Every structure is written in structure tokens, then in C-alpha cells.
Amino acid sequence: HENIVMRAVLSFLDAFGQRALRANSLHVSLKKRIPCEAGLGGGSSDAAAAIQVLAGHAGVDPCGEECLALARSLGADVPFFLYGGCALMDGYGDRLVERCPAPHLDFALVKPERGVSAREAYAVFDTLRASEPPRGDSQALFCLLGATSGCLPAPTRIAPLLKNDLEAASCELVPEIAMIAENMRSCSGVLATVMAGSGSTVAALCEDARSSHDLVARFLQSGYWVANVHSI
């Protein structure tokens with residue numbers, strides 16, 4: 001039962017019993033499309049999806065305290081995926097502070113072959129923190145998103161606020177992250193780059209969908225895992 005989805009299912013059944021099932025059996029099919037150690041929350045989002053489905057069968061609130069406690073036991077970022085959307089989280093990343101509307105943003109994702117262990121990234125971050133204070137300012141970004149009513153800010157206003165305090169640590173582990181980010185920033189239509197999660201994926205915020213697709217095509221030719229995504 002090492003798979004996080006199975007841990008989510010078994011934990012839910014322990015907490016809610018047969019209320020979780022309309023029948024006496026449960027079939028789970030999992031097809032993973034998000035690479036491991038990419039910083040994209042693949043396993044955590046899978047666990048959250050399992051909790052949401054089971055909560056629907058059991059007639060319980062997937063964002064109720066019981067489900068949130070279960071989600072926290074599986075991973076600090078699982079509650080975020082239960083809430084979904086654009087959200088500012090606090091604590092270990094498991095406590096909702098504020099939800100904001102998300103403007104339409106086009107990103108190109110590029111991942112080097114080597115991944116990053118979140119545990120290792122945080123260990124390096126702890127060694128760097130004394131000499132290099134955190135740079136991220138999530139409050140400024142959320143103030144920008146929340147300050148406009150009905151007219152969300154343009155990508156050019158959001159780009160300067162994209163920061164990831166773990167990026168320097170993960171670049172120590174996988175220097176190719178910094179190389180990919182630098183190469184992305186030299187491409188036409190790229191407004192900013194930021195590492196996803198604890199890495200190793202780099203996300204480039206692009207001017208529009210065409211720029212994002214052009215960037216993905218360029219890195220795909222070099223053999224990288226790539227994807228086009230947009231905020232919803």
C-alpha cells in the first residue's frame with residue numbers, strides 16, 4: 001500500500017467505513033501522466049481526487065475537517081488540491097488563508113530528466129536560508145489578484161511576482177534547472193520563469209498560447225518532457 005491513492009482510499013475507509021461505498025467493492029484505476037519528482041503535485045492531486053470521489057459516495061463534505069485531516073496525513077499539499085483553484089495556503093501549506101480568481105495564464109512546462117526529492121530540496125534550503133533569505137512574496141501576488149473586481153491583471157503585471165524560495169536549493173541538486181530557466185527566458189514571448197514546487201520542472205509564463213506552444217516544440221526537439229498548460 002505504498003501508492004498514495006491506495007493510502008487515501010484505505011485511510012478514508014478507516015475513517016468513514018462503509019458509508020464510503022454504495023456497494024461492497026471498490027475498483028480503482030490509476031493512469032499517471034505527470035512525472036514523479038517534477039514538483040507538479042501529481043501524487044497529491046491523485047490522493048485528493050480519490051478523497052473527493054469517496055466523499056461524494058459517502059455524502060460527506062470533501063473540504064470538511066474530517067477529510068482535511070485525512071488529507072494532511074497524506075501530504076502537506078493534499079488539502080490544497082481538495083480546495084482547488086487559486087489559493088493562498090499557510091502553515092505547512094495545508095491551511096487555507098484566501099481564495100482568489102485566477103486570470104487566464106499560458107505556461108510552458110519543461111522538466112529535465114533528473115527529478116528532485118522534496119525532502120532533499122528542503123534539506124538544502126535549510127542550509128541556504130541563513131545566507132539567502134526567502135525572496136517570494138505571495139501576499140503581494142494575492143493582493144494584486146484580489147484588488148481588481150471583474151478585470152483580472154494582465155500576465156505582464158503578474159510576471160515580476162513569480163518567485164519560488166526553493167528554486168536555489170533545487171538548482172544546487174539539479175543545476176540543469178537553472179540552465180533550462182535561462183534558456184527559456186531568452187526565447188521570444190516568455191515573460192518570466194519559475195520552478196514548480198520543489199522541482200525539477202520549470203514553468204515559463206508566456207505572452208499567449210502561441211508563444212507557449214512554440215516554446216514547448218523547441219524543448220521537445222531536445223528530448224525534454226514538456227507540456228502546455230493554462231490556468232482556469
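## A hairpin to start with

In the hairpin of strand 1 and strand 2, four residues lie between the strands, and Gly91 takes a positive phi near 70°. Strand 1 covers residues 86–90 and strand 2 covers residues 95–100, and they pair in the antiparallel sense over five bridges. Leu88 has Glu98 in strand 2 as its bridge partner. Two strands count as paired if DSSP finds at least two bridges between them.

This is a predicted model, in which local features need pLDDT of at least 70 and side-chain atom pairs count only at pLDDT 80 or more, while totals for chains, interfaces and linings use all residues. Residues are numbered from 1 along each chain as its sequence is written, and side-chain values use heavy atoms, leaving out hydrogens and water.

## The whole chain

The protein chain has ten helices and six strands. Here helices (H or I, at least four residues) and strands (E, at least two) are DSSP runs, numbered from the N terminus. Of the 232 residues in the protein chain, 42% are buried, where buried means under 20% relative accessible area, exposed over 50%, and partly exposed in between (1.4 Å probe, protein chains only). Among contacts (heavy atoms within 4.5 Å) in the protein chain with a separation of 6 or more, 66% are between residues 24 or more positions apart.

Now look for an open sheet of four strands in the order 4-5-3-6, with antiparallel pairing. Strand 4 (190–195) and strand 6 (225–230) are at the edges with a single partner strand each, so one side of each has no neighbour in the sheet. On average, neighbouring strands of this sheet are turned by 20° against each other, direction ignored. Helix 9 (residues 176–185) packs on the sheet and touches strand 3 (106–111), strand 4 and strand 5; the direction of helix 9 makes about 170° with that of strand 4.

You can follow the pairing across the sheet. Strand 3 then pairs with strand 6 over six bridges, where Val110 has Val226 as its bridge partner.

## Inside strand 3

How many of the residues of strand 3 are buried? Six of its six residues are. In a regular strand, side chains alternate between the two faces of the sheet. In strand 3, Asp106, Ala108 and Val110 are buried on one side, and Phe107, Leu109 and Lys111 are buried on the other.

## Helices side by side

Helix 1 (residues 4–16) packs against helix 2 at an angle of about 30°, with their axes 8 Å apart. Helix 1 is therefore roughly parallel to helix 2. The residues of their contact divide into eleven nonpolar, two polar and one charged. Ala, Val, Leu, Ile, Met, Phe, Trp, Tyr, Cys and Pro count as nonpolar, Asp, Glu, Lys and Arg as charged, and the others, Gly among them, as polar.

The axes of helix 2 (residues 42–58) and helix 3 (residues 65–74) come within 11 Å and cross at roughly 155°. Helix 2 and helix 3 are therefore roughly antiparallel. Their contact is made by Ala47, Ile51 and Ala55 of helix 2 and Cys67, Leu70, Ala71 and Leu74 of helix 3: seven nonpolar residues, no polar and no charged. Axes are lines fitted to C-alpha atoms, for helices over the stretch in contact, and angles run from 0 to 180 degrees between N-to-C directions. Angles under 35 degrees count as roughly parallel, over 145 as roughly antiparallel, 65 to 115 as roughly perpendicular and the rest as oblique.
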